[in-house]
Amino acid sequence: MVHFVNVTMAYGSHIVIDKLNLHVEEGQLVVLIGPSGCGKTTTLQLINRLIKPTEGDILVNRQNIKNVDPVELRRKVGYVIQEIGLFPHMTIKQNIEIVPRLLGWDEERKAARTEELIQLVNLDRKYLKRYPSELSGGQQQRIGLLRALAVEPPIILMDEPFGALDPITRESLQNEIVALQKRLKKTIVFVTHDMDEAIKIADRIVLMKDGKIVQAAASKELLSNPANEFVEQFIGRHRLYSGKADTVADVMSDEIVCAEKTLSLIEAVALMRHKKVPGLFVIDDTKKLQGKVSIEQIRKSELSEQDALETIGIEQICPAFENQSAREVFDRMEAEKIDALPVVDEANTVIGVVTRSSIVRSLAEVVWGNQS
Amino acid sequence: MSNILPAMLSHLRITFLGVLAAVILGLPTAAFLIRHDKLRKMLFIIVDAIQTVPSLAMLTFVMLIFGLNDTTVIVAIFLYSLFPVLRNTYVGLASVDKGTIRAGKGIGMTDLQIFSMIRFPLAAPMILTGIRLSIVSALGLATTGVFIGAGGLGMLIWRGIQTRNMGMMMSGAVPVFLLAILFEYVIGLFEKQLNKRQRRSIS
Amino acid sequence: MSSFLTELSRNSHAVLIAIGQHIGLSAVAILLGILVAVPVGVLLTYHTRAAKIVLGIFSVVNTIPSIVLLGFAMIFLGIGYIPATIVLFVYSLLPIMRGTYTGIKEVNPNALKAAKGMGMNRPQMLRLVQFPLAMPAIITGIRLSTIYIISWATLAAFIGGGGLGDLIWMGLQSYNFHLVLCGAVPVTILSLLVSFLLNHLIKRASRHKGKEVAT
């Protein structure tokens, strides 16, 4: 769907993209990732010609974009950015309908499409008449996504779209994007610097450094076969799949449901309901573990729903440590009838969760191999 | 009493023509300056200096070219209005959030569409502020026009002062005052309305 | 041009006296203005509602055209230096008050929190934190006032305030345009000079902002 053929991009003598060759297949969600300055955003902006390459060719849908009017091209390629960039003077409806309007659709067609779109993300119709500033960041970015989807572009470019959102909203939007892509079969090129995000959503991860691709592979391949030291370091050792279940880091999952201690009780309850969990691990703003709260605790408390979690009296817990033996933790969870334990590193920063089922799954993988 | 209406109309005519000229010249110039930083800095120094010229001095300078009549006052108002119109329009147009512009470009807006659909509507409240400031101060300046022989409400005020006729003076002063309050209020209302619609976060 | 210069040299003595009077009149009005408006502006920051009312009243006063106010002064206070000074003083208050008020109000709350945290009392906070940070806004207000005052001092000539307005005034009445210029040119130069000087001060006071100041 998108081909980069020997693409070089340089500002003067400074080379940002160095003879890049990349093929994004139709229907794939490809994540471009790498340290800042690696050229991932530039690569993305080359696709909709916000930036022109110095050398080389880029083909979108088998057409060399050199020969396409950039304005025409951009209208056929969805674009979602970290700043969201909703037009503040237009209502949500007008924002969603902007590209159809640019393309001269009639009112009826626009309205029908908007209807489809809001059903796609279960957006309440009352929001249509509101202005962007009346929505939360997460809601705004949902609209940003709808705006990009409006004229059903086969390709969508996303530039750190969830980078400015809080962790909980980010996670729910990540889930949404995965679900949407499965249903709509869009080709998505997604830029992020967050490895967890990449692993979570990507069909294929393209790791870049200094304008070059270091490794491009499916997440699993990348985790089990990092091409070199740089890849290993960038992925983070705790995520690497070793095939053995020795330490907690090997068996933990990063799908932990955490809440900052300043979160209000009502939000905490909503989060538990959404995640279908009976309790939450509480962290502070630097992700240091504070303890846990349960739904009973909240229900029994006489605090108002706007009060912060920390006011309720957080229950201290002893976490699992990432380099602790998995066996030890498993034994403890069995003995104390614990379903889930947060995993922390040396600095008491929460990095994941072990559940009884995650341990069982890891053990099964060791015994029968990775079949998923 | 019968003098007031014609004087008021002539006062408004002088005020509007002056400000209108500044708007007609100022808007496209400000749009042009977005991409020309050096020129902008130079131009702003000049308009700022113009703004600094005392009103009576300005009127006499312009008078030397245009003579003792309304045109002189209109030109002076035009010169004074350049600063608020140009500055506010420029700031309004240039301070539109970069992400918003990038989003517009990214979804395939042409440069013209980015200007007409994003920059201009978002800058509209600021532009109105510039116009409001210009009109209110122009109403005052137009009264001073009487010194160089122009018409308007200043004539009534001046005659009243000279003859120590309080009523005559007030018959000129009150309309000027009310007009200033009216424009301040009405245009301010428009600005608020536009701002409310956008609810731009204060950065 | 040359006849203007002849006129100028012929009247050089009168022009110099007029410049002196003009500066004197403006300076007295502006100094009184600063003396009153800065403390009032500070006080207003402690009482937002009072601030709205006071600033509202003064912005209404400042929309009254200058010749009207001068007319009032002449009718009620008579002709001369004092009425002229009073009118100019009244006009000078709003910009300085508003500059002081918004300048102090817009001081970064984190800086205040830090100041409070290290145990400063209110006067110390005002002197060491709020005032220095508000200085650019205050001087901007003073600059605005000064420019108005220099301009309106020209008009004050007709109620006997003296100054460069006298020359313009006499010139206009006798259709002697060169005499008009003898007043208009110096007053313009004076205004530009003061504006330049105060702009420079504003820049110096706002070095902590690290960027170009909006005037």
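Colleague: Which residues touch the most other members in the largest nonpolar core?
Modeller: They are V31(A), V189(A), I77(B), L88(C) and A156(C), out of 166 residues in that core. Such a core is a set of buried Ala, Val, Leu, Ile, Met, Phe, Trp, Tyr and Cys residues joined through C-beta atoms within 7 Å. Buried means 20 or more other C-beta atoms within 10 Å of the residue's own, with C-beta atoms placed from the backbone; 12 or fewer is exposed, and in between is partly exposed. The model is predicted: local features need pLDDT of at least 70 and side-chain atom pairs 80 or more, while totals for chains, interfaces and linings use all residues. Residues are numbered from 1 along each chain as its sequence is written, with chains lettered from A and ligands numbered from 1 in written order.

Colleague: Where does the largest share of this core come from?
Modeller: Helix α6 (residues 111–144) of chain B gives 14 residues. Helices (H or I, at least four residues) and strands (E, at least two) are DSSP runs, numbered from the N terminus.

Colleague: What does A156(C) touch?
Modeller: Leaving out residues up to four places away in sequence, its partners include L25(C), L70(C), L88(C) and G161(C). Contact here means C-beta atoms, placed from the backbone, within 7 Å.

Colleague: New topic. How many residues does the contact take from chain C and from chain B?
Modeller: Chain C gives 26 and chain B gives 30. On the chain C side, α9(C) has the largest share, eight residues.

Colleague: How many helices and strands does chain B have?
Modeller: Eight helices and zero strands. Of its 203 residues, 51% count as buried.

Note on methods: Contact = placed C-beta atoms within 7 Å.
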